[in-house]
Every structure is written in C-alpha cells, then in structure tokens.
Amino acid sequence: MTLKTYEEELHSFAQPNKAVITHLDLNIDVNFDTHIISGTATYNIANNGASEIILDSKYLDIEAITADGKKTTFTLGSFDENLGQPLAISIKETTQKIAIKYRTTAKTEALQWLNAQQTADKTNPFLFTQGQAILTRTWIPIQDSPQIRITYNATVKVPKNLMAVMSAQNPQEKTADGMYHFKMAQPIPAYLIALAIGDIEYKAISSRTGVYAEKSMIDKVQAEFSDMEKMVVAAENLYGAYSWEQFDVIVLPPSFPFGGMENPRLTFATPTVIAGDKSLTSLVAHELAHSWSGNLVTNATWNDFWLNEGFTVYFEIRIMEALYGKERANMLALIGRQDLDEELESLKETPNDTKLKLDLKGRSPDDGMNSIAYDKGYLFLRTLEEKVGREKMDAFLKSYFKKNAFSTTNTEDFITYLNTNLLEKNSITFNTDEWIYQPGVPSNAAIIQSNAFSTVEKTLQSFVDTNGIDTNITKQWTPQEWVHFIRNFQEDIKIEQLQQLDDTFNFTGSTNSYISMVWYEQSILNNYHGNQVDSKISEFLNTVGRRWYVTTLFKAFKRADRLNEALLIYKKARPNYHAVTANTIDGLLGFGV
Ligand code: BES
Ligand code: ZN
C-alpha cells in the first residue's frame, strides 16, 4: 500500500507510512441515560512492517485491544490540548485486524447530547456528532488525518423510539429493536464519519434525494429543500457524476454549531435555514458542492483548508446561478466580498492568517477556519475564471476532480496541476503565487457587481439623506437585499433612524434568521433598544448555537463595550452550545479564565 505523502501532518499522531487503517467495523451502544457511547472499533490495517500502529484518541477510555483476536499491549502518550493523545498499539508484521474496546467520556468534544427541551418536538432526546476538523478522535479512536481514507460498516444500538442515521447508507424508517446497520462503501477521511440519533422521519424529494427531520419540521423542510434534485443535476452538469448515490439532508436541533456539514450521503444542517421561502438554500448547494470539493478531493492538511472551502463556495455559487440566475449568484458573491473585507480588517495584526495557504503549526485547525479560506478562495477562482473564460475553467475543474477523486491534494500539487493543465497549455499568465502565498487581496481581483445591491445602496443613501424610504422599491426585496441594506448602515446612524426602520419593516420581528442576525448585530453595536430587541437577542442566543451567528453577536457586544451584558447572556446560554461553539465564545469573551 503506498500513500501519497505531503508535508508533515500537523494535526494527527498517525504515521501512515508505517501502518495505516483501511476499513472500520464499528459496533456501539448509545446510552442516553449515562451519555456514553461504548463498544468496539475494529480496523483492517495495512502494515509496512512496523511493530506498532498509532491512532489518535482524545478524552476516550480505552479498555482493551486485540490484534487478530489476541490481547495486545498499548500505550497512551502525553496529552496535547489540541491533538489529544497518541494511542500506540503493538502489532506484528502479519497483523491484519485490531479491535479496540472503548467508551466515550463526559469531555467528548464531538458529541452533543440534547434533552427533549432542546429539540423541535420536545418529547425525545437527541444526539449528533461533529467530526471536522479533528473531533472524530473524541468519539472513535482512529487515525484522524484527512490524508487517510477508510470504508466503514457500523452497527449502532439506540433506544427503541429513536432512529439512527450516519454518513452512510441509511434507514428510512425506525426499526422495531433499535438496532441499525450502516455501510459506507466509498473511502472517506475520519472527519466525515457522522452519526445523528433522534425521533426523526424521512421524506423523499426524488429517488436519490430527501430529508430527515423531527415530525413537527418534516413538511416544512421538505418544501424548503424541494429543489434538491435540481441542484444535484446542475452540479453534475458542471463537474461530473455525483459519486455518493444518495444525497439527503438532516435538519438538526438549533444548537447544531454550523450552518451545514457535508457528511457524505447525509448533510447535517441547522434549522435556521428553514425560512419558509427557500431564501437560504444556498447552504444546501454549498454542502452538495462538497461532494466534489472536500469529500471526493480532500485537502491533504488543514493548512490547505481553502482547497475544500474556496472551491466549494465557487461551486455553490455556480449551482445557484444555474438554478436561479446570475443576479442571485452575484448577490451571494458580493455578500462574500463584504465578509472578506471585514475579515481582512479583523486580521490586520496577523497578516499571515490572510494567506490562502496557512501555517497552523502548534495551533488548532479552527484558527484557520474563517472567511479567508471561503471568500478569498472564491475570489481567487472567480478572478481566474474571468481571466481564462468559463469554458476552459469548467473543463479544468472537471478534470481536476476526476484526477484526484477519492484522494487528497495539497496547495502545491494544485498549483502544479493548474500550471500544466490550464495556464501553460493556453499560454496564460496569472499571479497564482501572489494569491496563495501573500496576505490580503491582489489588485487584479474580479470586481463583482450586483444591480440589485446597487439599488439597495441607493435606497439606503436616500434614507440617510431624507429620512424617507419608498416602500414601492423595497416591496419585492429578497432577504439577501435586506441583509445588504442592514449591514451597510453608516456608522453614525441615529437611534431614531433605527427605530423608524424597525417600525416600518419590523426587523426585530423578522422570521428570517439571517435578517435577524444582522439586525441584532446593528442593534447591539448602536445601542438600539426599541421594540424589545434585547429580549429577542437573548432568546436567539439561548436557542441558536450556530457558531457564525453566535460569534457575530458576541463580537458586537464586545466592540460596543457591552461585555457584562454579553457574559450575563452567555452564562445562561453556554450549556445549550456544542463544544465547538462554546470553545470559540470562551476564547472571545475570556470566559472561565
Ligand atoms: N465544512 C464546513 C463546516 C465546518 C468548517 C466544520 C470548519 C468544521 C470546521 C461547511 O461546509 C460550511 O462551510 N458551512 C458553512 C455554511 C456555508 C453555506 C458557508 C456554515 O456552517 O456556516
Ligand atoms: Zn463548506
């Protein structure tokens, strides 16, 4: 077995060139009373003659290990805050299988156990996992490096009234005995192993797409995501056949820390995108796009994270354009451009973090997971597209996905491939190195224009000048236009103006989570307290755990010098958050130090 090797893997203890896992058989029991998962992880391994195999483990109790059925010795190395512990297991040259009996602990960072009150239906508990970037090792002992791919089968035992689903072939109905069997036949990296358990139902959208959600949500979810099959078709038309057979989405309870997570065959999603008008479904296009960029062609290290996310934003916006036209696509691109400018401003003291290729040595991968990878990555690809033309761009991307399918690539390999197959071939010069290895945004960045947003800006300016607003113009605005309007208030906007806008457009009462979030942000920054917005903000922060939303609001409190109010809310809200969100906010607010 030969593995491509890249630069040193900073975020895993595994030494894949010595011995590597190739397949997992997971057999676990999920206990909702003790909040513990226990069972056995059995691996097929490929050994290059090593006398030990090293796995990653964090906050796990390792009980016993066998090699080809016989008890073997193991050691857990010293603990690293980010990485956990290396689990070194003695093997023989001939060893083919190792079986690890283990249980999770209360410290696990991947799992969030929810009580009934934290769900939509409020009658049954819920559990979900979040693996990316390096949390899978907190619920399964594993070689947790994106460079190592495995197939897996799983047997999961859950309470009888609940259904279990994974990033694998899934049931569409509950079983009578609470036993569930799963199979993921395509090799995937550890961060894409995922499990969710709850009182959920399935509804199909097409023969290969569908949704899972709790009973009180399922019809709304099915209606919201009814364009899913069209999205898959559009994606396939762009960059080749969908490799994972089935594409389903599960809508989780509101504490889910991300907008979406691209677990193969089964995207995990926040309920905050169920707006009732399909306005926030670009999230589904995004997670679907990861079926190519990320899941099929995986970043070799977390320093190359932009290869996952930048390509995915580009692909997402192309899918949205195919379904809904250029104007919608440009609005998304322009919102991303504003996010990027704000991120550049916030990282101005650490310019190295604004490079696409990162150096995360000694740091958590989370440190690199910001708008640079997404929106600078997007802007690079969009600029490249405008330079080479769409036809060449698409042929290039299609071949890139095909060449690297079910494998990994890093930034350097990508650049070589780009030079050979797109630039030199067509005698085009491009400042690729500047884009990738220099901070900030190069001067040749594509200029993104949206007529809709120009109108929004004019309308806002005329409101500032006259305190009047023509509701004939705003009548047909989409949530994206409202978001753009609200985010672009001038810094010295007056309380009376905010009050007037709120009374006219009822922003405080908005049912669109994106509008709410940007409106709350402005309310916090500008000390606006009308229409009981403060209690809305606190309610929002107590139910929604989506890290991007929550971080934006706590950052606003901090900028507005309202840290005490923030801490008061946070103390109460924190137990509702997944560890991913809690860790970020702990750092932001200096909580617990
Ligand atoms: N893969 C990411 C989520 C992620 C990033 C998890 C880093 C762990 C570490 C996912 O595809 C994503 O980007 N989600 C976005 C939504 C998207 C529409 C930009 C999110 O969660 O907001
Ligand atoms: Zn993504």
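This is a predicted model: local features need pLDDT of at least 70, side-chain atom pairs count only at pLDDT 80 or more; totals for chains, interfaces and linings use all residues.
Residues are numbered from 1 along each chain as its sequence is written, chains are lettered from A and ligands numbered from 1 in the order in which they are written, and side-chain values use heavy atoms, with hydrogens and water left out.

The protein chain is assigned domain 1 (1-109 + 129-197), domain 2 (297-437) and domain 3 (451-589); such bounds come from an automatic or database domain assignment. The centres of domain 1 and domain 3, taken over C-alpha atoms, are 41 Å apart.

Strands (E, at least two residues) and helices (H or I, at least four residues) are DSSP runs numbered from the N terminus. Two strands are counted as paired if DSSP finds at least two bridges between them. In general, strands of a sheet pair through backbone hydrogen bonds, either parallel or antiparallel.

Strand β1 (residues 19-31) is joined to strand β2 (residues 36-47) by twelve bridges, and the two run antiparallel. Within this pair, valine 30 is opposite isoleucine 37 of β2. The two strands form a hairpin with four residues between them, and histidine 35 in the turn has a positive phi of about 60°. β1 also pairs with strand β11 (residues 149-157), in the parallel sense and over seven bridges. There, histidine 23 faces threonine 151 of β11.

Six bridges connect β3 with the antiparallel strand β7 (residues 85-90), where alanine 88 is opposite isoleucine 54.

Strand β4 (residues 60-67) has seven bridges to strand β8 (residues 97-104), which runs antiparallel to it. β4 also pairs with strand β5 (residues 70-71) in the antiparallel sense, over two bridges. Threonine 66 takes part in both pairings: its bridge partner in β8 is alanine 99, and in β5 it stands opposite lysine 71. A hairpin is formed by β4 and β5, with two residues between them; aspartate 68 in the turn has a positive phi of about 45°.

A further open sheet has four strands in the order β9-β10-β14-β12, with antiparallel pairing. β9 (111-114) and β12 (163-166) stand at its edges with a single partner strand each, so one side of each has no neighbour in the sheet. From one strand to the next, the twist averages 10°. β12 and strand β14 (residues 195-198) run antiparallel and are joined by four bridges, with valine 165 opposite alanine 196 of β14.

Most residues other than glycine have a negative phi, and most peptide bonds are trans. Lysine 122, in the loop between β9 and β10, has a positive phi near 65°. The peptide bond between glutamine 132 and alanine 133 is cis, with omega about 0°. Alanine 133 belongs to the loop between β10 (126-129) and β11.

Polar contacts to a ligand are pairs of N or O atoms within 3.5 Å. Oxygen atoms of ligand 1 lie 3.1 Å from a polar side-chain atom of histidine 286 and 2.9 Å from one of histidine 290. A nitrogen atom of ligand 1 is 3.0 Å from an N or O atom in the side chain of glutamate 309. Taken alone, ligand 1 exposes 520 Å², of which the protein buries 88%; accessible areas come from the Shrake-Rupley method with a 1.4 Å probe.

Key. Axes are lines fitted to C-alpha atoms, for helices over the stretch in contact, and angles run from 0 to 180 degrees between N-to-C directions. A polar contact is a pair of N or O atoms within 3.5 Å; within protein, one must be able to donate a hydrogen and the other to accept it, and residues adjacent in sequence count only if both atoms are side-chain atoms.
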